Amino acid sequence: MKTIEQSQRETARWVALTALYNGAGFPLAERVILSVLEAVPIHATAADVRQHLHFLDTAGMATVHKQPDGTWTACITKDGMDCVEYNATCPAGIARPQKYW
C-alpha cells in the first residue's frame, strides 16, 4: 500500500514531467517547475524539485543541466515525450494517470 508521501512524490514527478513537455523542448528553470507544482497544489520545496528532476534524469525522462550560478534547468527527452503522450510505458515512481481514451 502506498503512503501519502509516496503518492505525492509520484504525482509531483508526473506534474514536473508534463511541465517539461509543455515547455516545448526548451530548458525550464527549477523555479518554473516549483511554481507549477505550487499551482496544482502540491507542497514542494526547491530541494524537492531537485530530487524530482534527478529522478527524471536518472529514469531517462529528462536531461538536467546544472548552471554555473547554481540553478538547475531541465529539458524533456524523447523517452519523456513518449511517456507523456502514452506511446511508451511509464517507469515506476511516476504517477501517470490511466489513459481514458
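Visitor: Which residues line the largest pocket?

Guide: Keep in mind that this is a predicted model. Its largest pocket is lined by Glu5, Gln8, Arg9, Ala12, Ile42, His43, Asp48, Gln51 and His52. About 180 Å³ of space lies in there.

Visitor: Which element gives the most to that lining?

Guide: That's α1, with 4 residues. Both α1 (4-22) and α3 (46-58) supply at least two residues each. Sorted by class, the lining has 2 nonpolar, 4 polar and 3 charged residues.

Visitor: Let's go to the core. How many residues does the largest nonpolar core have?

Guide: The largest nonpolar core has 26 residues, and Trp14, Leu17, Leu20, Ile33, Leu37, Leu53 and Leu56 have the most contacts inside it. Two or more residues come from each of α1, α2 (30-39), α3, β2 (62-66), β3 (72-76) and α4 (78-84). The largest share of this core, 7 residues, is from α1.

Visitor: Say I click on Leu53. Which residues does Leu53 touch?

Guide: Leaving out residues up to four places away in sequence, Leu53 touches Leu20, Glu30, Ile33, Val64, Trp72 and Ala74.

Visitor: And the backbone: what should I look for?

Guide: Here's the general idea: most peptide bonds are trans, and most residues other than glycine have a negative phi. In this structure, a cis peptide bond joins Val40 and Pro41, with omega about 0°. You'll find Pro41 in the loop between α2 and α3. Then look at Tyr86, in the segment after α4: Tyr86 isn't a glycine, yet has a positive phi of about 60°.

Visitor: Is Tyr86 buried or exposed?

Guide: Tyr86 counts as buried, because its relative accessibility is 17% and the cut-off for buried is under 20%.

Notes
Residues numbered from 1 in each chain as written. Predicted model: local features only at pLDDT ≥ 70, side-chain atom pairs only at ≥ 80, totals over all residues. Heavy atoms only, no water. 1 Å grid on protein atoms, 1.4 Å probe; cavity = no way out; pocket = protein on both sides within 12 Å on 5 of 7 lines; lining within 4 Å. Points joined across faces, edges and corners; volume = space filled by probe spheres on them. Nonpolar A, V, L, I, M, F, W, Y, C, P; charged D, E, K, R; others polar. Core = buried A, V, L, I, M, F, W, Y, C linked by side-chain atoms within 4.5 Å. Buried < 20%, exposed > 50% of the residue type's maximum accessible area, 1.4 Å probe, protein only. Contact = heavy atoms within 4.5 Å.
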